[in-house]
Amino acid sequence: QQHNLLLLSHLTEAELKVSLSARGRSVGEQFAHLHNTRLTWLESVAKPLYHKSLALPKEAVLTPDNLKEVLEKSAASIRQLIDNSWENGGKFPSFKTGLIPFVSYLISHESHHRGNILLTLKQNGYKIPDKLKWGLWEWNKL
């Protein structure tokens with residue numbers, strides 16, 4: 001989550017609208033997708049932690065502030081799911097392989113989209129500041 005927020009903190013509303021194609025997701029839409037994917041999983045595996053009202057519709061106006069707000073909320077619910085799962089021996093309904101594979105999936109999915117976001121920005125001429133570039137990999141400093 002901190003990596004997503006670090007990346008988001010370097011972006012303007014104009015940069016959130018950047019895309020590599022007319023049909024592909026913009027940078028902002030990729031952040032919204034991360035959030036909505038978390039909600040989809042919560043609906044499937046932890047209904048009490050799912051809040052339909054937090055879902056971002058396709059036509060939502062995406063700003064750094066509103067994306068930060070919803071990403072923090074969905075991350076808090078995922079964190080609660082993880083805590084609850086530990087109390088249940090690392091298991092939860094609808095994901096039979098348990099907590100570690102689930103968290104691994106989330107990490108892979110979000111890393112994939114952060115890579116897409118960085119590539120989209122780079123291909124559109126956005127210079128990635130060194131502080132951001134290296135900050136995404138200096139996990140002990142987050």
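## Close-up views of the pockets, cores and helices

**View 1. Helix 3 and the second largest pocket.** Helix 3 provides the largest share of the lining of the second largest pocket, five residues. You are looking at a predicted model, in which local features need pLDDT of at least 70 and side-chain atom pairs count only at pLDDT 80 or more, while totals for chains, interfaces and linings use all residues. Residues are numbered from 1 along each chain as its sequence is written, and side-chain values use heavy atoms, with hydrogens and water left out. A helix here is a DSSP run of H or I with at least four residues, numbered from the N terminus. A pocket is an open set of points on a 1 Å grid over the protein atoms alone, where a 1.4 Å probe fits and protein lies on both sides within 12 Å along at least five of seven lines; lining residues have an atom within 4 Å of a point. The volume of this second largest pocket is about 340 Å³, counted as the space filled by probe spheres set on the points, which are joined across faces, edges and corners. Among its 16 lining residues, Gly-28, Glu-29, Ala-32, Lys-58 and Leu-62 are the closest to the centre. Helix 2 (13-16) and helix 3 are the elements that give two or more residues to this lining. Sorted by class, the lining holds seven nonpolar, four polar and five charged residues. Here Ala, Val, Leu, Ile, Met, Phe, Trp, Tyr, Cys and Pro count as nonpolar, Asp, Glu, Lys and Arg as charged, and the others, Gly among them, as polar.

**View 2. The largest pocket.** This pocket contains about 740 Å³ of space. Look for Gln-1, His-3, Glu-110, Ser-111 and Arg-114, which lie nearest the centre among its 24 lining residues. Helix 1, helix 4 and helix 5 are the elements that give two or more residues to the lining. Helix 5 gives the most, with nine residues. The lining divides into 12 nonpolar, six polar and six charged residues.

**View 3. The nonpolar cores.** A nonpolar core is a set of buried Ala, Val, Leu, Ile, Met, Phe, Trp, Tyr and Cys residues joined through side-chain atoms within 4.5 Å. Buried means under 20% relative accessible area, exposed over 50% and partly exposed in between (1.4 Å probe, protein chains only). The largest core has 21 residues, and Leu-11, Leu-16, Val-27, Phe-31, Leu-67 and Leu-121 touch the most other members. Helix 1 (2-9), helix 3 (27-45), helix 4 (64-87) and helix 5 (99-123) each supply at least two of its residues. Apart from it lies another core of 13 residues, including Val-45, Ala-46, Ile-78 and Leu-81.

View 4. Among the elements covering its buried residues are helix 1, helix 2, helix 3 and helix 4. His-109 sits in helix 5 and is buried, with a relative accessible area of 14%. Leaving out residues up to four places away in sequence, His-109 touches His-33, Leu-34 and Thr-37; contact means heavy atoms within 4.5 Å. After the helix comes Gly-125, whose phi is positive, near 85 degrees.

**View 5. Trp-134 in helix 6.** Trp-134 belongs to helix 6 (residues 130-135). Trp-134 is exposed, with a relative accessible area of 52%.
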